[in-house]
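I set out to record what I looked up in this structure, entry by entry.

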Amino acid sequence: MTYCLGILTRFGLVIAADSRTNAGVDHISTYQKLFDFSVPGERTILLCTSGNLSITQGAIAALEKDIKHQEEVNLHTLPSLAEVARYIGNKIRAIQEQDRPFLERDRIDFKCSILLGGQISGEEPNLYLIYSQGNFIHATKETPFLQIGETKYGKPLLDRTLTANTPLEAAAKCALLSIDSTMKSNISVGPPIDIVMYHTDSFTIRHRLRLRLGDPYLAKIRKLWESYVKQAFDDMPDVEWEYYEDDVKEDILID
């Protein structure tokens, strides 16, 4: 399992991913999950992968092969990000169909998902979630983030803090806290953490970071976040037992 997320605001994109792969307690490894296929000055294309590692690695290899051999259709020739999403979905399906009989025979889960974020000249930035079946959805103003992998632990923070107007620096901070919250609750998610921040219409990646195990900044934000959450909890009013006990007594008398 892994955890990747993308955040889309009117200022640009933030994409972040952990690097842990878990195939049981005896098979925990580190693999890159965030990939950059950008062409500076023309298009920004960022991918995050989750799910069956052989399928996602096969898909990434197929995308790289098409670029290397200058196939007519590849990540650098398609005119829109939606068409890029469709093209990636087709690659996923092709690899799954090739390996499906052997994986199903041994009851191995072959599902995967990919986050696609970026901007192609002439379009606004966008963020897509490509499902294992090859279809996809995109982020909206109402839902400015998309997640793949172990999503549940990091989602509450995103729901409460993000809007389409969130500044990119705040979105990046929120992404790291979301991943840290997930690492705290699930051993299958872990560093190194890769994060990229892209400004609308810049067509270049100026901010890129890899945070490894024991990084001082990761330790700092975890300590601060835990202390702030604890303080917020302590500041919450106690349950008003007496107020509701009167209602309960009235209900009992009526019954």
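The entries below go from the whole chain to the sheets and then to single residues.

**Entry 1. The chain as a whole**

I note at the outset that the model is predicted. I looked up the secondary structure of the protein chain and found six helices and twelve strands. I then looked up the extent of the chain: along the principal axes, its C-alpha atoms fill a box of roughly 80 × 50 × 45 Å. The chain has 255 residues, of which 45% count as buried. For the contacts, I took those between residues at least 6 apart in sequence; 61% of them join residues at least 24 apart.

**Entry 2. The sheet from S5 to S9**

I asked in which order the strands of this open sheet lie. The order of its five strands is S5-S6-S7-S8-S9, and the pairing is antiparallel. Strand S5 (34–36) and strand S9 (136–138) stand at the edges; each has a single partner strand, so one side of each is left without a neighbour in the sheet. On average, and with direction ignored, neighbouring strands of this sheet are turned by 20 degrees against each other.

Strand S7 (residues 112–120) and strand S8 (residues 126–130) run antiparallel and are joined by five bridges. For Leu115, I found Leu129 in S8 as the bridge partner.

Next I looked up the helices that pack here. Helix H1 (residues 53–68) packs on the sheet and touches S5, strand S6 (43–51) and S7. The direction of H1 makes about 160 degrees with that of S6. Helix H2 (residues 81–105) lies across S6, S7, S8 and S9, and I recorded an angle of about 155 degrees between H2 and S7.

**Entry 3. H1 against H2**

How far apart are the axes of H1 and H2, and at what angle do these helices pack? The axes are 9 Å apart, and the angle is about 130 degrees. H1 is therefore oblique to H2. I recorded the crossing of H1 and H2 as right-handed. On the H1 side, the residues that meet H2 are Ile55, Gly58, Ala59, Ala62, Leu63 and Asp66. On the H2 side, I listed Tyr87, Ile88, Lys91, Ile92, Ile95, Gln96, Asp99 and Leu103.

**Entry 4. Thr44**

I located Thr44 in strand S6. Is Thr44 buried or exposed? Its relative accessible area is 1%, so Thr44 counts as buried. Leaving out residues up to four places away in sequence, I found that Thr44 touches Ser38, Gly117, Gly118, Gln119, Tyr198, Phe203, Thr204 and Ile205.

**Entry 5. The sheet with S10 and S12 at its edges**

I turned to another open sheet of five strands, which has the order S10-S1-S2-S11-S12 and antiparallel pairing. Its edge strands, strand S10 (145–149) and strand S12 (207–211), each pair on one side only. Neighbouring strands of this sheet are turned by 10 degrees against each other on average, with direction ignored.

Within this sheet I examined strand S2 (residues 12–17) and strand S11 (residues 193–199), which pair in the antiparallel sense over six bridges. Ala16 stands opposite Ile195 in S11. Helix H4 (residues 168–185) packs on the sheet and touches S1, S2, S11 and S12. I noted that the direction of H4 makes about 160 degrees with that of S11.

**Entry 6. Thr9**

I found Thr9 in strand S1 (residues 3–9). With a relative accessible area of 6%, Thr9 falls under the 20% limit and is therefore buried. I looked up its contacts beyond neighbours within four places in sequence: they are Thr163, Ala164, Thr166 and Leu168. A polar atom of the Thr9 side chain lies 3.2 Å from the backbone oxygen of Thr166.

**Entry 7. Arg208**

I placed Arg208 in strand S12. Not counting residues up to four places away in sequence, Arg208 touches Asp36, Ile195 and Val196. The side chains of Arg208 and Asp36 are joined by a polar contact of 2.9 Å. I also looked up the separation from Lys141, 67 residues from Arg208 along the chain: the two C-alpha atoms are separated by 25 Å.

Terms used. Residues numbered from 1 in each chain as written. Predicted model: local features only at pLDDT ≥ 70, side-chain atom pairs only at ≥ 80, totals over all residues. Heavy atoms only, no water. Pairing = 2+ DSSP bridges. Helix = DSSP H or I, 4+ residues; strand = E, 2+ residues; numbered from the N terminus. Axes fitted to C-alpha atoms, helices over the stretch in contact; angles between N-to-C directions. Contact = heavy atoms within 4.5 Å. Buried < 20%, exposed > 50% of the residue type's maximum accessible area, 1.4 Å probe, protein only. Polar contact = N/O pair within 3.5 Å; in protein donor to acceptor, adjacent residues only side chain to side chain. Parallel < 35°, antiparallel > 145°, perpendicular 65-115°, else oblique. Left-handed = near helix turned anticlockwise from the far one by under 90°.
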